[in-house]
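Colleague: Before we discuss individual side chains, could you put the structure up so that we can go through it together?

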Amino acid sequence: MRVQRRGWRTALAVALALGGVVVLPAAAGASPQQMRDDFNGDGYADLAVAAPGGTVAGKAKAGFVGVLYGSASGLKSSTKQVFSQNTAGVPGGSEAGDRFGSALTTADLDRDGYTDLIVGVGGENSGSGLVQVVWGGARGLSGGATLASGAAGDRLGAEGHLAAGDVDGDGATDLLTAVDRYGLVATGGPFTRSGSATGKRQVVKDRYDSRVLDLDVGDLNGDGITDVVAAQTGTDTFDSRRIAYWWGTKDGLTPWTLVWDIDGAQLQGGENLAVGDVNRDGYADIVVGRAVDGYESDHDAYRAKGGRITWIPGTSGAPDGVAEQAVNQDSPGVPGTAEKGDGFGTDVHLADVDGDGYLDVVTGVPGEDLGTPTDPDAWPDAGSVVVLSGRADGLTGVGSHQVVTQNSTGVPGAAEKGDAFGRAVHVGDANGDHLADVAVGAPGENAGAGSVWSFRSRGEDLVAPGGVPLPATILGPNGTFTFGHTLLGTTAANARLGSDFAN
């Protein structure tokens, strides 16, 4: 068997599909290359993982964030850092219930060429919330500032409430924060090192009394300006879900708009989403994960045992809810079997992990039960991760796919009851080979202490004699490792490390 490797053209296509740049070897003294999740500007994606339930200096649920840096050989355990509100340079101090790390995202807020880590502190001031930044630089993350403070009931910086993007096309990254009860706040960048915004502040109110579950950004209509998309829950029924978006324009965000489905009703939506050009037509698409099944208000067309993922294509006009495609674990080509409570679609992210130039969907299935032939449910809620291939015709379930668990060959550890492997996932090119590597959080591991697994992606075409193509191994066992509190030097009890990643 021989291996055919793709050349620079595929690397270029992958980078363009990811909305980034091809990171070439830097000459001595060269300015840092801009790359998402690259905190030290060396051309390798870094990993930030949250433990919002973590104890800091005896303060329960104060929260902390662990960071590992990428390299030519992947993530390096020797470069680990841990940040909390007790870290030098980060404003404030760790208090019980603050939940530092309740939400994470990344962006270059001060336009110095280095990615910064944006941290939600959703429990600050009895749930009013806070958003802080830890600044990137040539030596990695250090120092920090407070970017925004919430009022009573805002839940500023809570899970799913953070994003960043240039929504007014001025070249500076804006901070996007969801606020319970009234909608979205866009704070215009760039930001100074004190945390002050130099751009305008815009509040875009929601038409209904909604709560945001997740935020992401992308250019849905191909006009060159970033748009904002939210997964929301309403108040009409406990299980109400919808997808809303705000167009980015040179004058800022437009009013709140719903995505509509084929019947003209509100798209049921889900709990989380990702935005990216899956079919490579020049318009960013919306990929929605609805993990919890059996909702009472579901229209029959949206019911999906064990959870579902829906692809909504972008167009030159509005996102096309009529052309949506939905899959679950009973769809042809999708690994596994749908079972109630699986949580398929719990966390969804887009990146090219197999090197074909199309964005793939990486999703967690933390409620997946694993077992043996004689006891198929020996380890309930052990969890898994599924990779679904993106294609020119969208997300149909056709293509090369993969499922990974703690019982997979080459994966350290073993599946156990309640591990919730796949509760959160991360995608990023940690070793600079132009393929997105995958990290997986299992916050239930070791009685709620939590752990993280790092997988190195492989994109080689394996070709048998006679030129017959064989399925590529998407996540290879070589280079896979796991880490947790022993490496980070943090308090393990009830920390739930791996609850979220900065994506």
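Colleague: In which loop does D38 lie?

Modeller: This is a predicted model, in which local features need pLDDT of at least 70 and side-chain atom pairs count only at pLDDT 80 or more, while totals for chains, interfaces and linings use all residues. Residues are numbered from 1 along each chain as its sequence is written, and side-chain values use heavy atoms, with hydrogens and water left out. Helices (H or I, at least four residues) and strands (E, at least two) are DSSP runs numbered from the N terminus. On that basis D38 lies in the loop between α1 (8-17) and β2 (47-51).

Colleague: Which side chain of opposite charge is nearest to D38, and how far away is it?

Modeller: D38 is buried, that is, under 20% relative accessible area with a 1.4 Å probe and protein chains only, where exposed is over 50% and partly exposed lies in between. Lys and Arg count as positive and Asp and Glu as negative, with His and the chain ends not counted, and a salt bridge needs a side-chain nitrogen of Lys or Arg within 4 Å of a carboxyl oxygen of Asp or Glu. D38 has no salt bridge, and the nearest side chain of opposite charge is K76, at 11 Å.

Colleague: Which backbone nitrogen does the side chain of D38 reach?

Modeller: A polar contact is a pair of N or O atoms within 3.5 Å; within protein, one must be able to donate a hydrogen and the other to accept it, and residues adjacent in sequence count only if both atoms are side-chain atoms. The side chain of D38 makes its approach at 2.8 Å, and the backbone nitrogen belongs to G43.

Colleague: What is the bridge partner of L117 in β7?

Modeller: Two strands pair if DSSP finds at least two bridges between them, and β6 and strand β7 (residues 130-135) pair in the antiparallel sense over four bridges. L117, V119 and V121 point one way from β6 and D116, I118 and G120 the other way, and all are buried. The bridge partner of L117 in β7 is V134.

Colleague: How many residues apart in sequence are the parts that F421 and W453 tie together?

Modeller: Rings of Phe, Tyr and Trp (its six-membered ring) pair if their centres lie within 6.5 Å, with planes under 30 degrees apart counted as stacked, over 60 as edge-to-face and the rest as tilted. Y245 and W247 form an edge-to-face pair, 4.9 Å centre to centre with 70° between the planes. F421 and W453 are also edge-to-face, at 5.4 Å and 80°. Because F421 lies in the loop between β26 (402-404) and β27 (424-428) and W453 in strand β29 (residues 451-457), the pair ties together parts whose separation in sequence is 32 residues.
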